[in-house]
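Please look over the sequence and the structure shown below, then read on.

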Amino acid sequence: MEALFSTEGVNPQHSFRRWRETLVGRGVPLEQARLDDGPFAAKLEAASVGPLLLTRVSHGAVRSEATRALIQRNGKDGTAVVIFKLAGVSTRSQDDRSSVQRRGDFVVVDHRPAAHESTTGSQSLFLELPRERLESVLGSTKLYTSLTMGGDVASAALTVKFFHDLVRVRDRLDPDSAARMASVGVDLIVASIAERLAQEVSRPLHGTVVVQRAKAFVEAHLGDPTLDPPYLAGAVGVSLRRLQELFHERGQHISDWIWQRRLEVAAKRLADPGCAHQPIGAVAFGCGFASQAHFSRRFKERYGSTPREYRHAALVSL
């Protein structure tokens with residue numbers, strides 16, 4: 001990873017002050033205070049994988065607080081952060097929930113007021129995502145902020161390993177592969193949160209979690225042309241009738257949701273310069289459409305233009 005800052009070589013009397021100045025300069029909305037009197041060491045590194053920016057942060061024992069004023073000042077209202085714990089122990093508090101993270105865990109923190117304490121030798125990998133990317137599938141981030149996704153959750157353990165390996169091999173990926181792997185990683189994060197929520201929530205929220213799990217499954221299997229309401233119900237372990245009831249309670253139909261997400265993902269790929277080399281048919285099949293004609297008809301009904309016209313307009317405007 002590219003080193004952005006290190007206290008190595010900095011006068012120990014000034015190392016913490018320089019660290020705070022670095023965070024402020026990079027738009028990190030945190031107030032920090034030290035928790036011990038020993039020498040303070042910190043390091044900031046970054047790497048890009050497709051559209052994702054991964055930041056590795058190593059530092060001594062500190063208490064951090066994100067205040068509403070700092071968040072608004074730094075323009076972070078539309079994003080949330082996924083934090084993979086690499087070393088040390090952290091305690092995070094947000095939305096009336098506190099949790100502890102150790103090596104191998106990850107957690108989501110939204111850009112709302114929050115507090116965090118860490119031990120000496122703490123190291124974490126930060127990934128900032130648009131909040132909508134999580135909420136479109138999982139619902140409000142308030143359901144899962146500061147909820148530890150640990151190794152006891154199978155999908156969480158897989159997600160953590162995936163990102164560790166992705167950082168390690170990123171330089172060997174061509175741009176298209178990097179973008180695809182980044183998308184896979186985000187899908188794994190969503191699936192892990194959905195699985196963790198299923199373990200955590202109280203019975204009154206069970207229906208919400210079933211719908212969230214169903215939507216997460218749809219995201220991970222959009223390219224499967226056999227994905228339909230009965231298949232989806234079986235995948236999340238409820239009857240088709242029950243799943244239909246849960247979607248109807250939220251003003252949605254299962255099949256409409258599946259087609260909506262297929263079209264939205266297809267539109268995103270058509271507008272992505274990194275996917276410009278892909279034929280229209282490949283985009284269609286990759287989003288689960290059985291034929292290019294069916295895709296074109298549904299796409300024009302939704303967006304008012306053919307896929308080819310939509311791609312041309314989007315790429316010309318860049």
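Which residue of E11 is the bridge partner of Thr79? The bridge partner of Thr79 in E11 is Pro130.

## Basis of the report

The model is predicted, so local features need pLDDT of at least 70 and side-chain atom pairs count only at pLDDT 80 or more, while totals for chains, interfaces and linings use all residues. Residues are numbered from 1 along each chain as its sequence is written, and side-chain values use heavy atoms, with hydrogens and water left out.

Helices (H or I, at least four residues) and strands (E, at least two) are DSSP runs, numbered from the N terminus. Two strands pair if DSSP finds at least two bridges between them.

## The six-stranded sheet

Six strands form an open sheet in the order E1-E3-E4-E11-E6-E9, with antiparallel pairing. E1 (2-6) and E9 are the edge strands; each has a single partner strand, so one side of each is left without a neighbour in the sheet. On average, neighbouring strands of this sheet are turned by 25 degrees against each other, direction ignored.

With E11 (residues 122-130), E6 pairs in the antiparallel sense over eight bridges. With E9 (residues 106-110), E6 is again antiparallel, over five bridges. In this E9 pairing, Ala80 stands opposite Asp110 and Ile83 opposite Val107.

## Helices across the sheet

Two helices are described here by contact (heavy atoms within 4.5 Å) and by angle, taken from 0 to 180 degrees between N-to-C directions of axes that are lines fitted to C-alpha atoms, for helices over the stretch in contact. Helix H3 (residues 131-138) lies across E6, E9 and E11 and runs at about 75 degrees to E11. Helix H4 (residues 154-169) lies across E3 (42-49), E4 (52-59), E6, E9 and E11, at about 85 degrees to E6.

## Strand E5 and its partners

Strand E5 (residues 62-66) has a covered face made of Val62, Ser64 and Ala66, and an uncovered one made of Arg63 and Glu65. E5 is joined to E2 (residues 31-34) by four bridges, and the two run antiparallel. Here Glu65 of E5 is the bridge partner of Glu31.

E5 also pairs with E10 (residues 114-118), in the antiparallel sense and over five bridges. In this pairing Ala66 is opposite Ala114.

## Helix H9 and Arg261

Helix H9 has 17 residues (254-270), which at 1.5 Å a residue should span 24 Å; its end C-alpha atoms are 24 Å apart, which agrees. The expected span is 1.5 Å times one less than the number of residues. Buried residues of H9 include Ile254, Trp257, Ile258 and Leu270.

Arg261 lies in H9. Arg261 is buried, with a relative accessible area of 10%. Not counting residues up to four places away in sequence, Arg261 touches Val218, Glu219 and Leu222.

## Ala178 in helix H5

Ala178 is part of helix H5 (residues 175-200). Ala178 counts as buried, at 7% relative accessibility. Leaving aside neighbours within four places in sequence, Ala178 is in contact with Val49, Gly50 and Leu173. From C-alpha to C-alpha, Ala178 and Gly304 are 31 Å apart in space, and they are 126 residues apart in sequence.

Technical notes: Buried < 20%, exposed > 50% of the residue type's maximum accessible area, 1.4 Å probe, protein only.
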